[in-house]
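This briefing covers one protein model, shown below. The notes after it are grouped by topic.

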Amino acid sequence: MALAAIAATAGCSSSDGDTAKKSPSPTTASPTSTVSAAEAQARKDVIAAYQGMTDEQVKAYAKSSLAGSKITTYATGKALRDVKNSVFVNLQNGIVVKGEPKVTASEDDVTLNSTGTTQRASLKVCFDMNTWDPVDKKTGKSVAPPNQVKRYTITAQLQKLGSQWQVTDEKADKEKTC
């Protein structure tokens with residue numbers, strides 16, 4: 001059950017473990033149009049917000065506690081509920097998560113959508129869990145499911161609230177390695 005909580009927020013699943021060992025294909029695509037300075041900054045801010053949420057998750061999962069966390073600065077809605085639920089389940093089951101994942105995204109991975117007064121964005125990231133491992137707090141032994149996919153893409157939805165972008169939801173595509 002605790003592993004399900006980690007899997008829910010990180011988008012993990014069990015699959016062929018060999019897929020994690022494939023090297024990523026280099027991306028050579030460039031934007032098809034020139035973007036304004038404001039749009040370029042917005043894209044950077046979207047990536048920074050997702051990385052901020054990930055950094056706060058790492059801290060919270062490492063101690064199975066949200067105490068001192070700034071997760072509400074970077075996550076809201078379903079994304080925030082998922083983090084809170086995972087921390088609670090991990091706490092109840094004596095699980096902490098060691099290390100940290102590697103999140104890779106570029107400005108080309110951001111799609112901005114401004115309708116009316118609401119600014120929204122979609123972000124595709126490469127999420128690599130090879131250095132992020134759930135362990136039993138008492139024994140220090142890994143409790144990760146065998147053959148778990150450790151490298152895959154995530155599509156995150158973000159919304160700008162005030163001057164801060166926040167992650168509202170995220171969905172892992174376990175079939176798509178990166």
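Buried here means under 20% relative accessible area, exposed means over 50%, and partly exposed is in between, computed with a 1.4 Å probe on protein chains only. By that scale Lys 78 is partly exposed, with a relative accessible area of 36%. The model is predicted: local features need pLDDT of at least 70 and side-chain atom pairs count only at pLDDT 80 or more, while totals for chains, interfaces and linings use all residues. Residues are numbered from 1 along each chain as its sequence is written, and side-chain values use heavy atoms, with hydrogens and water left out.

**Confidence and overall make-up**

- The predictor's confidence in each residue is given as pLDDT, on a scale from 0 to 100; the mean for the protein is 86, and 81% of its residues reach 70 or more.
- Over residues 1–31 pLDDT stays under 50, and the model has 61 contacts (heavy atoms within 4.5 Å) beyond four places in sequence for this stretch.
- The protein has 4 helices and 7 strands, where helices (H or I, at least four residues) and strands (E, at least two) are DSSP runs numbered from the N terminus.
- Read from the N terminus, the order of elements is α-α-α-α-β-β-β-β-β-β-β.
- Of the 178 residues in the protein, 40% are buried.
- Among contacts with a separation of 6 or more, 70% are between residues 24 or more positions apart.

**Disulfide**

- A disulfide is a covalent bond between the sulfur atoms of two cysteines; the cut-off used here is a pair of cysteine sulfur atoms within 2.5 Å.
- Searching the whole structure gives 1 disulfide.
- The partners are Cys 126 and Cys 178, with sulfur atoms 2.0 Å apart.
- Cys 126 belongs to strand β4 (residues 118–128) and Cys 178 to the segment after β7 (164–173), so the bond ties together parts that are 52 residues apart in sequence.
- The disulfide between Cys 126 and Cys 178 is right-handed because the torsion about its S-S bond is about 75 degrees.
- Cys 126 is buried at a relative accessible area of 10%, and Cys 178 is buried at 17%.

**Salt bridges**

- There are 5 salt bridges in the structure, each defined as a side-chain nitrogen of Lys or Arg within 4 Å of a carboxyl oxygen of Asp or Glu.
- Glu 39 pairs with Arg 43, and their closest N and O atoms are 2.7 Å apart.
- Glu 39 and Arg 43 sit 4 residues apart in helix α2 (residues 37–63), a separation of about one helical turn.
- Glu 39 is partly exposed, with a relative accessible area of 27%, whereas Arg 43 is buried at 12%.
- Glu 56 and Lys 59 form another salt bridge, with an N to O distance of 3.0 Å.
- These two residues, Glu 56 and Lys 59, are 3 residues apart in helix α2, which again is about one helical turn.
- Glu 56 is buried at 6% relative accessibility, whereas Lys 59 is partly exposed at 49%.
- Lys 78 forms a salt bridge with Asp 169, the closest N and O atoms being 4.0 Å apart.
- That pair links distant parts of the chain, since Lys 78 is in helix α4 (residues 77–92) and Asp 169 is in strand β7, 91 residues apart.
- Asp 169 is partly exposed, with 27% relative accessibility.
- A network of salt bridges links Lys 78, Asp 82 and Asp 169.

**Nonpolar core**

- A nonpolar core is a set of buried Ala, Val, Leu, Ile, Met, Phe, Trp, Tyr and Cys residues joined through side-chain atoms within 4.5 Å.
- The largest such core has 30 residues, of which Tyr 50, Phe 127 and Leu 158 touch the most other members.
- Elements giving two or more residues to this core are α2, α4, β4, β6 (151–161) and β7.
- The most comes from α2, with 7 residues.

**Helix α4**

- Buried residues of α4 are Ala 79, Leu 80, Asp 82, Val 83, Ser 86, Val 87, Val 89 and Asn 90.
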